[in-house]
Amino acid sequence: MWRALRAAEACEVCRSLVKARSAAGGPVPLPRLPLVSRSLHLPRPPARPLRPPLRLSCQPFSSLSHLPPRRWKLSPAKSSFQPRRHFWPARLAARLLRLRYLLLGSAVGGGYTAKKTFDQWKDMMPDLSDYKWIVPDFVWQLDEYIDLEKLSKALPDSESLAKLLPDLDKLAGSFSLLKDFFSTGTSGDTAFRATDASESDRQFKKGLLGELIMLQQQIQEHEEEARRAAGQYNTGHAQQKRQVTDKERVEQLQEELLRTQLKYQRILERLEKENKELRKLVLQKDDKGIHHRHLKKSLIDMYSEVLDVLSDYDASYNTQDHLPRVVVVGDQSAGKTSVLEMIAQARIFPRGSGEMMTRSPVKVTLSEGPHHVALFKDSSREFDLTKEEDLAALRREIELRMRKSVKEGCTVSPETISLNVKGPGLQRMVLVDLPGVINTVTSGMAPDTKEVIFSISKAYMQNPNAIILCIQDGSVDAERSIVTDLVSQMDPHGRRTIFVLTKVDLAEKNVASPSRIQQIIEGKLFPMKALGYFAVVTGKGNSSESIEAIRDYEEDFFQNSKLLKTSMLKAHQVTTRNLSLAVSDCFWKMVRESVEQQADSFKATRFNLETEWKNNFPRLRELDRNELFEKAKNEILDEVISLSQVTPKHWEEILQQTLWERVSTHVIENIYLPAAQTMNSGTFNTTVDIRLKQWTDKQLPTKAVEVAWETLQEEFSRFMTEPRGKEHDDIFDKLKQAVKEESIKRHKWNDFAEDSLRVIQHNALEDRSITDKQQWDAAIYFMEEALRGRLKDTETVLENMVGPDWKKRWMNWMGRTQEQSVHNETKNELEKMLKCNEDHPAYLASDEITTVRKNLESRGVEVDPCLIKDTWHQVYRRHFLKTALSHCNLCRRGFYYYQRHFVDSELECNDVVLFWRIQRMLSITANTLRQQLTNTEVRRLEKNVKEVLEDFAEDNEKKVKLLTGKRVQLAEDLKKVREIQEKLDAFIEALHQEK
């Protein structure tokens, strides 16, 4: 009954729907009816009696139903009418299933849409991977040293960060603008033109960035309108009136375009200034950070070090330096230095009015840093370029270094001065400022100055990877230029030349036809070709102008210049800022293209050098000149220290022997022989005391000090030069000899040594008391040795005077000369006289000389009185020495008489006492000098040696002169090549990381 009622209600609903549809004007298609209605209206076959429901052990339960399960009893159907069924569970299940599909489809479609939107946003985000160099290297290594999890917990909360969102939005806009400005254009554009913004970046037109992008669009529209108007202006003469109107419109559009470009330029400068300040703050914090020790060198500093090493490398083995650098060339006073100063943003070079100021190449390495400073390669002093006194000191230092590098008789020098300039916002590159090219040699210059400047310029420009920055003075006639012909010879195709026209403000005033400037910038006036053309203004010619004032003047000039208003010059071809950007871009492009090829060439050179070393010196270490010098230095210091190991006995023996050899002649000739000619012992002693006192006061101490100094030199030389067996290396011989000579030259004996030594010697000579027989015998032995040596010398002189005796003449077939025969006859005559009077005095009387001469004349020998005296001196000397030696033998037993002061004795041995006094004085003097040597002079000599070695270590020319040979040069080349290769590899690795 309940099912029948529900079916009737469904029929009523269907009828109402049909009526509503038919009232609307059409039949209701059956497929559109609900499922229940279709089941009622379709014709059905006769109904069969329903089977009774199955009795299941479990009742079905649906989570969709809120009622408890119950059994429904179906009434048996009658054949007279259609059975009525209840379908609300089916309808409810169908609708719920439809809702599930709707939810599932919505989820899938929404996810796809969200992914697509995220990909679009991701594509629109700027790619900052090329600007990874802006962030210091240590930032990428923070995860190695800092616990980021702890750091994240210490960061401020979202509310604090929300306050910084406006500043972060502004910074993001600045970086997006810089990306848009420095992005490259189409393939046909050069690297010097600013490109248009991409379509994706135009979606961020908010604030200052949006205004900048709108300005770019206006510039493009104005340029298109100007080109269309210009095209219509040149169509023909038929529409002359319309051409006038178009011409006015072209001028109006050009002025509007110029104003838009200037506005665009000011916005860029403001953004650049903000970015520069932010970058400076970042670098300052980086300098003060805890990871300052871990900071790596910047890329440009690494490259500059490679160039410095290459400048000192002797390019043998056909390995040339082809690494890029920017070579600044130009005529004298063309503005080269001013352009370089504008790029470096500081007035760092010496200035002069018309005279040559750049006398040697100056390599300037520009790099970015928190402070604007400059420093030389070989100095640690930093010059603050924001202070005028430091700038003046830097200019003086550069001028002083230039003048020192110029040799006598020359005007310019090829020696390079290396300078590093750091500052915020500087473009990274290496520039070389060369002396200006001259046409005429003036008075005061060397005759070959012009040729030397040409050779220096060609040496730098012939590098196939060098970027030539050709500077041309715009205020003078182009026909007077010399440098353009030189540049065209070195780079005829202009593939690495950038042309710069300076002093454009003066050129605009002086040149009658402004189109001439346009022809220069377009490369149509000069025969040379270039990669790009620029026009700059470097001030009003006032040397006291600051960089900021020159930059403002340059911007004001080009803002009001007719050259830009009339489109003779384009905006990207003017100002030194655009020039520095273009040169830096070209420099790094050239570096990336050539550095690996240069590294490969040095690898090959290193292999050749290592092979040559193995073949020539297989058992020796590869020690370069500095390492060899250190090894020689240690050997020399060891040898100096070995002087202190000499025994006192050895010192005293050498000193005593050397001193006696030096003073023996004076003692015998000036003291002993004159005293021995006296008649009695009293006169002998008096003469001896007087002469010893005079000798001690004037000569003896000085002689003793000289002997001690010479002895120290001889011992030092012996230790320095004696071979050490297999360990001896003859490559150090020249160095050791030079060190020895220089040390001896610098060493001075203590001035007070002579005064103290004089007192000691005087006291020793005044003592006459021989205490024992042993000293007496030693004195006799000393006397005999001295007299025998003198007798031997006298006989040698006499033999040379009279010639060989009969035995030598017979055995050696020798004869006497006429003079020797005369001397021999005279000697025989004098010997006869001595035999007659053995106690003859030392001098001949005049009658005795006459008697000897007459006796000789009677035998037919003509002699001169002087010859008789000379012969007598040697004859009597031999006679006296023989007599003195025989007297020594008698005095051997005279010690007893000496103790009794020779009382009641005919034996007098005063000469033995004299020699004992001399011997004792020598012993005491030797002992005193030995003490002074070991305690003072050896240490002073060691100090002098150290000072000489330190001076030689700092003098590279001296080391090159003293340490020479194939072995040294080969090791030196091998060290240089290895150093260059290592630095190149490190630079290439850093360059790849920056990419």
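Is Met 811 buried or exposed? Met 811 counts as exposed because its relative accessibility is 52%, where buried means under 20% relative accessible area, exposed over 50% and partly exposed in between (1.4 Å probe, protein chains only).

## Basis of the model

This is a predicted model, in which local features need pLDDT of at least 70, side-chain atom pairs count only at pLDDT 80 or more, and totals for chains, interfaces and linings use all residues. Residues are numbered from 1 along each chain as its sequence is written, and side-chain values use heavy atoms, with hydrogens and water left out.

## Surface patches

Met 811 belongs to helix H27, residues 806-812; helices (H or I, at least four residues) and strands (E, at least two) are DSSP runs, numbered from the N terminus. Together with Trp 806 and Trp 810, Met 811 makes a nonpolar surface patch of about 480 Å². Patches consist of residues with over 30% relative accessible area and no salt bridge; like charges are joined within 9 Å, and nonpolar side chains (Val, Leu, Ile, Met, Phe, Trp, Tyr) within 5 Å. Accessible areas come from the Shrake-Rupley method with a 1.4 Å probe, and for residues only the protein chains shown count as cover.

A patch of negative charge on the surface gathers Glu 947, Glu 950, Glu 954, Asp 955 and Glu 957. For charge, Lys and Arg count as positive and Asp and Glu as negative, while His and the chain ends are not counted. The place of a charge is taken as NZ of Lys, CZ of Arg, CG of Asp or CD of Glu. Helix H32 (residues 910-954) gives the most to this patch, with three residues. Glu 954 lies in helix H32 and counts as exposed, at 68% relative accessibility.

## Disulfide and other cysteines

The structure holds one disulfide, defined as a pair of cysteine sulfur atoms within 2.5 Å. Cys 891 and Cys 909 form the link, with their sulfur atoms 2.1 Å apart. The angle about the S-S bond is -100°, and the link of Cys 891 and Cys 909 is left-handed. The pair joins distant parts of the chain, 18 residues apart: Cys 891 is in helix H30 (residues 865-891), and Cys 909 is in the loop between helix H31 (895-899) and H32.

Cys 891 counts as buried at 0% relative accessibility, and Cys 909 counts as buried at 0%. Cys 470 is buried, with 0% relative accessibility, whereas Cys 410 is partly exposed, with a relative accessible area of 39%.

## Salt bridges

Side chains of opposite charge can pair when their charged atoms come close. A salt bridge here is a side-chain nitrogen of Lys or Arg within 4 Å of a carboxyl oxygen of Asp or Glu, and the structure holds 40 salt bridges. Glu 669 forms one with Arg 877, the closest N and O atoms being 1.9 Å apart. Glu 669 lies in helix H21 (residues 648-676) and Arg 877 in helix H30, so the pair ties together parts that are 208 residues apart in sequence. Glu 669 is partly exposed at 24% relative accessibility, while Arg 877 is buried at 12%.

Other pairs lie within one helix. Arg 403 and Glu 399 meet in a salt bridge of 3.4 Å, N to O; they are separated by about one helical turn because they are four residues apart in helix H12 (residues 388-405). Arg 403 is partly exposed at 48% relative accessibility, and Glu 399 is partly exposed at 29%. In helix H24 (residues 733-746), Glu 742 and Arg 746 are four residues apart, about one turn of the helix, and their side chains meet in a salt bridge of 3.0 Å, N to O. A network of salt bridges links Arg 606, Glu 610, Glu 622 and Arg 978.

## Backbone and loops

Most residues other than glycine have a negative phi. Ser 333, which is not a glycine, has a positive phi of about 65°. Ser 333 sits in the loop between strand E1 (326-330) and helix H11 (336-344) and is partly exposed at 44% relative accessibility. Lys 503 also has a positive phi, of about 55°, although it is not a glycine. Lys 503 lies in the loop between strand E8 (497-502) and helix H15 (504-510), and its relative accessibility of 23% counts as partly exposed.

Glu 838 is placed in the loop between helix H28 (818-836) and helix H29 (846-858). At 56% relative accessibility, Glu 838 is exposed. The C-alpha atoms of Glu 838 and His 879 are separated by 8.5 Å, with the two residues 41 apart along the chain.
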